[in-house]
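Biologist: Please take me through one part of this model in detail. I would like the helix packing and the ligand surroundings, in one connected account.

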Amino acid sequence: AEGRAVEIREDAVTTADGEPVEVAANVGTLAELDGAVRQGADGIGLFRTEFLFLDREAPPDEDEQLEVYAEALDAFPDGRVVVRTLDIGGDKPIPYLDLPEEENPFLGERGIRRSLGPDRDLFETQLRALLRAGAVGEGTLSVMFPMIATVPELEAALDRVDAVADDLESEGVAYEKPELGLMIETPSAAFLAGELAERVDFLSIGTNDLTQYVMAADRQNDRDSVAGLHDPCEPGVLRAIERTVEAGHAGDAWVGMCGEMAGDPDLTALLVGLGLDELSLSAVTIPEVKATVAELETDDAEALADRATEATTRTTVSELVADTDTDT
Ligand code: PEP
Ligand code: MG
């Protein structure tokens, strides 16, 4: 299936038997919005906001951020735009933030841990800009939090959203409460997916970090003995995904995936079979993933997912995936 030229589909797709699957784009700069629209993305499933904070001397203020978020929403008037709050730390340093020297930055102060701690003022400014953008931009705004590991962290983040909404209300500033969710990137969040889902509208599985943490394999380490383990088709990771989707649905949340796994068309059948409601990937692959979804029978996809999640080795998973591929 690699690299086949496929038609761009602007409309949302369903499987051959009519199950809707949202196919959205990962976007890391404003410049990428155009490409996402052109490739037929249904919306943005991951808007990484780090770019706003990089290569400058001071953080962007509320109005500057408001403009950027509103522009993203205007690009998808009928779609959903999932903006992730600042995910700094780990592999994402920022010079003017006083980031600590840590022995294990990926196990350190990153993502929501900073937003609820040293970067709480930045977090508030970003949330103000987001809630205001929701009232200005055309598309539907969703906001999600990175690196959540505990229920109290999620509750603290949700409380900050409420507090910001109260402030805007009393200031008489127009705002809209967004749909709210979190990324499932830590094993703890996968185990707590049910309790987390009950508190939000959606979960989005970040397989880059989830794989790193489930497999204890640094995503940036390219030694064969480590990089070889950083594979989302490892049974341990697949089972974490499986339980996240099931628990998320039981908690009444929709469940998407925005890690790189979602961008591999060879894995689309497996992911649809696992029950993912949304896949978010880099724009160039959207036509191919949409075409793949449209050809799928849900029953076949579910049978594949059942067998893959029972597999004991990654090799078996790969064989199952490859077999399905040649059947179609
Ligand atoms: C992920 O971890 O899978 C993810 C989508 O986030 P990032 O790659 O930005 O850490
Ligand atoms: Mg991540």
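Modeller: Helix H8 (residues 207-215) and helix H10 (residues 235-250) have axes that come within 9 Å and cross at roughly 125°. The axes are lines fitted to C-alpha atoms, for helices over the stretch in contact, with angles from 0 to 180 degrees between N-to-C directions. Helices (H or I, at least four residues) and strands (E, at least two) are DSSP runs, numbered from the N terminus. This is a predicted model: local features need pLDDT of at least 70, side-chain atom pairs count only at pLDDT 80 or more, and totals for chains, interfaces and linings use all residues. Residues are numbered from 1 along each chain as its sequence is written, while chains are lettered from A and ligands numbered from 1 in the order in which they are written.

H8 and H10 are therefore oblique to each other. On this scale, angles under 35 degrees are roughly parallel, over 145 roughly antiparallel, 65 to 115 roughly perpendicular, and the rest oblique. The crossing of H8 and H10 is right-handed: the near helix is turned clockwise from the far one by less than a right angle. H8 contributes Leu 210, Thr 211, Val 214 and Met 215 to the contact, and H10 contributes Gly 236, Val 237 and Ala 240. Contact means C-beta atoms, placed from the backbone, within 7 Å. By class, 5 of these residues are nonpolar, 2 are polar and none is charged. Here Ala, Val, Leu, Ile, Met, Phe, Trp, Tyr, Cys and Pro count as nonpolar, Asp, Glu, Lys and Arg as charged, and the others, Gly among them, as polar.

Around ligand 1 lie Leu 46, Arg 48, Asp 87, Glu 185, Gly 206, Thr 207, Asn 208, Asp 209, Cys 258 and Gly 259. The cut-off is a C-beta atom, placed from the backbone, within 6 Å of the ligand. Strand E3 (44-48) and H8 are the elements that each give two or more residues. H8 gives the most, with 3 residues. The shell divides into 2 nonpolar, 4 polar and 4 charged residues.

Two shell members carry a record. An unreviewed UniProt entry annotates Glu 185 and Asp 209 as "binding site". They span 25 residues in sequence, yet no two of their C-alpha atoms are more than 5.3 Å apart, so they gather at one spot. Glu 185 sits in the loop between strand E6 (179-184) and helix H6 (187-191). Such annotations may be inferred rather than shown by experiment.

Now for another helix pair. Helix H4 (residues 120-136) and helix H5 (residues 151-171) pack at about 65°, with axes 10 Å apart. Their crossing is right-handed. On the H4 side, the contact includes Phe 123, Leu 127 and Leu 131; on the H5 side, it includes Val 161, Val 164 and Leu 168. This contact has 7 nonpolar, no polar and 4 charged residues.

Notes. Two residues are in contact if their C-beta atoms, placed from the backbone, lie within 7 Å.
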